[in-house]
Amino acid sequence: MKHLLNLLAAVALLVWGTHLVRTGILRVFGANLRNVIAQSVGNRWAAGVAGLGVTALVQSSTATALIVSAFVGQGLITLPLALAVMLGADVGTSLMAVVFSFDLSWLSPLFIFVGVVLFLSRQSNPIGRVGRILIGLGLMLLALRLVAASTAIMTQSPAVKALLGSISSDLLLEITVGACISLLAYSSLAIVLLTATMAASGLIPLEPALGLVLGANLGNGLLAVLTTAKSAIEVRQVPLGNFVFKAIGVLIAAPLVAIWLREVRPYVQDAATMVVLFHLCFNLMVAAAFIGFTQVVARWVTLWLPKPDKTMVAGRPHHLDPTALATPSLAISCAAREALHQADVVETMLVGMLSVIRNNDLRLAEELRKLDDHVDELYSAIKYYLTKISREALGEEESRRWTDIISFTINMEQVGDIIERILIDIEDKKIRKGRNFSDAGMAEICELHARLIDNLRLGMSVFLNGSVRDAQKLLEEKARFRDLERAYASTHLNRLTGNTMQSIETSSLHIDLISDLKRINSHICSIAYPILDSAGALAPNRLRQAQLADGA
């Protein structure tokens with residue numbers, strides 16, 4: 001029992017070490033890895049090589065699948081090229097299994113010692129994250145040595161020898177078991193290395209070990225499908241297409257296991273080498289056989305998972321992909337895209353508000369007020385999503401972007417609330433009482449409204465691109481809008497002295513409306529402050545004065 005517990009602990013340590021390496025590399029090189037993939041997909045072969053290189057570094061084809069899926073969801077790469085990346089990613093995983101199959105146990109104490117020193121001394125910067133990677137590598141090598149030691153002891157037990165002697169190969173069962181274990185371990189690499197070590201120790205016969213390897217590959221593909229099950233359709237298409245490749249590959253390779261074993265065994269005596277070599281050959285075969293069929297499989301997947309109609313706001317894609325949280329830079333990008341979607345909804349409300357004022361449209365007013373609930377829901381979802389991103393894993397620039405997104409969504413949520421209150425006032429004080437603004441008053445409202453629309457679009461551009469020049473222009477618009485609001489309030493009072501009946505009836509509403517429009521503009525222009533502050537283009541006292549002016 002003790003030796004079995006030691007074996008299970010060693011397996012858990014192997015899985016944990018793989019997790020540390022994967023998450024550590026994604027945190028240190030996440031943005032660069034995304035750039036490598038995005039810039040290396042000119043054709044299927046280049047995409048395959050990019051997938052191989054990135055996955056060899058990350059040591060997880062599942063992590064690569066999540067990155068590439070997000071790219072497809074953003075429209076940065078096409079589905080066929082994404083599938084080619086995944087074929088290369090599977091080869092990259094199998095190459096790392098070959099590397100770890102060598103006796104590198106002497107590196108384990110060195111990696112762990114250096115990794116702990118770096119991690120404890122510099123936790124909050126990239127050096128500390130590199131230390132985390134080294135700790136993970138050291139734990140993986142240590143775990144493989146512990147697995148070998150535990151299985152060597154267990155194979156000496158008479159009970160285990162009797163059990164091994166009674167095992168007859170059932171390929172379907174082995175594939176099923178391998179897939180289930182790979183799902184539980186969240187790493188096909190860990191399972192392949194575990195299988196190779198146990199085969200070398202004699203705990204598992206060689207032919208069942210190859211069946212487990214096939215199952216681990218199948219489970220790895222299924223894991224990515226399950227992980228993205230709640231994501232947007234475009235994101236789910238890549239893992240499904242990759243799973244199709246793996247499933248067809250397993251169907252082809254399963255009957256050939258015995259033949260491959262018979263042909264290769266005379267040349268390779270070591271059982272562990274046989275296992276990792278079979279894993280590499282399987283993925284090379286799948287990549288070579290299907291690299292020319294990515295277009296075909298992409299069409300299949302598109303038929304199985306058709307893209308939804310996005311003509312309505314509710315049909316817009318949901319960008320807060322939970323699978324991207326493992327890569328902070330990717331998660332920040334997802335949150336920014338959802339924030340822009342929130343701003344699109346606010347723009348819809350703002351544009352429709354003028355139609356309500358002009359045409360006394362109660363039905364449109366009700367629809368626009370319902371949109372404010374959608375804006376609030378988006379704000380809550382974005383805020384909650386951002387809180388799940390590890391702040392320790394963010395660099396200085398990403399931390400600044402995190403704050404910018406929070407600030408932007410707060411401003412958009414408050415703009416939505418103001419528009420809702422304006423619509424309620426218009427309904428109660430204008431439409432239901434049958435009142436109208438004077439022609440001059442309506443012209444002033446239209447002028448302010450047009451400036452608001454322009455400023456909102458400029459603010460969205462500033463948020464997206466971070467342009468200091470556009471941010472300065474937006475801040476200048478704030479001063480112009482304030483001056484214009486004061487001028488129109490003054491002309492309205494002049495109309496009152498002329499006893500204009502329409503102006504008298506709508507006086508309170510008119511003054512409140514242009515004041516609310518100024519408040520909306522202040523929230524929009526607040527988008528510029530973080531950009532200018534981070535660029536050093538905004539004096540601290542100017543920032544405080546502006547914030548006080550907003551509060552006033």
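Guide: Gladly! One definition first: a residue is buried under 20% relative accessible area, exposed over 50%, and partly exposed in between. Please keep in mind that this is a predicted model.

Visitor: Is Glu366 buried, exposed or partly exposed?

Guide: The relative accessible area of Glu366 is 41%. Buried needs a value under 20% and exposed one over 50%. Because 41% lies in between, Glu366 is partly exposed.

Visitor: In the salt bridge of Arg432 and Glu427, which residue is buried?

Guide: Their side chains meet at 3.4 Å, N to O. Arg432 has 54% relative accessibility, so Arg432 counts as exposed. At 5%, the residue that counts as buried is Glu427.

Visitor: Which helix holds both Asp516 and Arg519?

Guide: The two side chains form a salt bridge, 3.8 Å from N to O. Asp516 is buried at 14% relative accessible area, while Arg519 is partly exposed at 36%. An α-helix has 3.6 residues a turn, so residues three or four places apart point the same way. Asp516 and Arg519 are three residues apart, and their helix is H21 (residues 507-525).

Visitor: How many salt bridges does the structure hold?

Guide: Some of them share partners: Glu447, Arg451, Glu476, Glu477 and Arg480 are joined into one network that way. For the whole structure, the number of salt bridges is 13.

Visitor: How many residues of H10 are buried?

Guide: Helix H10 covers residues 206-227 and has 22 residues. Its ends are 31 Å apart from first C-alpha to last, close to the expected 32 Å. The helix is mostly covered, and the buried residues number 17 of 22.

Visitor: What term describes how H10 and H12 lie to each other?

Guide: H10 meets helix H12 (residues 257-264) through contacts that involve Leu206, Glu207, Leu210 and Leu214 on the H10 side and Val257, Ala258, Trp260 and Leu261 on the H12 side. Their axes are 10 Å apart, at an angle of about 125°, and the crossing is right-handed. An angle over 145 would count as roughly antiparallel and 65 to 115 as roughly perpendicular, so the term for this pair is oblique.

Key. Residues are numbered from 1 along each chain as its sequence is written. This is a predicted model: local features need pLDDT of at least 70, side-chain atom pairs count only at pLDDT 80 or more; totals for chains, interfaces and linings use all residues. Side-chain values use heavy atoms; hydrogens and water are left out. A salt bridge is a side-chain nitrogen of Lys or Arg within 4 Å of a carboxyl oxygen of Asp or Glu. Buried means under 20% relative accessible area, exposed over 50%, partly exposed in between (1.4 Å probe, protein chains only). Helices (H or I, at least four residues) and strands (E, at least two) are DSSP runs, numbered from the N terminus. The expected span of a helix is 1.5 Å times one less than its number of residues. Axes are lines fitted to C-alpha atoms, for helices over the stretch in contact, and angles run from 0 to 180 degrees between N-to-C directions. Angles under 35 degrees count as roughly parallel, over 145 as roughly antiparallel, 65 to 115 as roughly perpendicular and the rest as oblique. A crossing is left-handed if the near helix is turned anticlockwise from the far one by less than a right angle, and right-handed if clockwise. Contact means heavy atoms within 4.5 Å.
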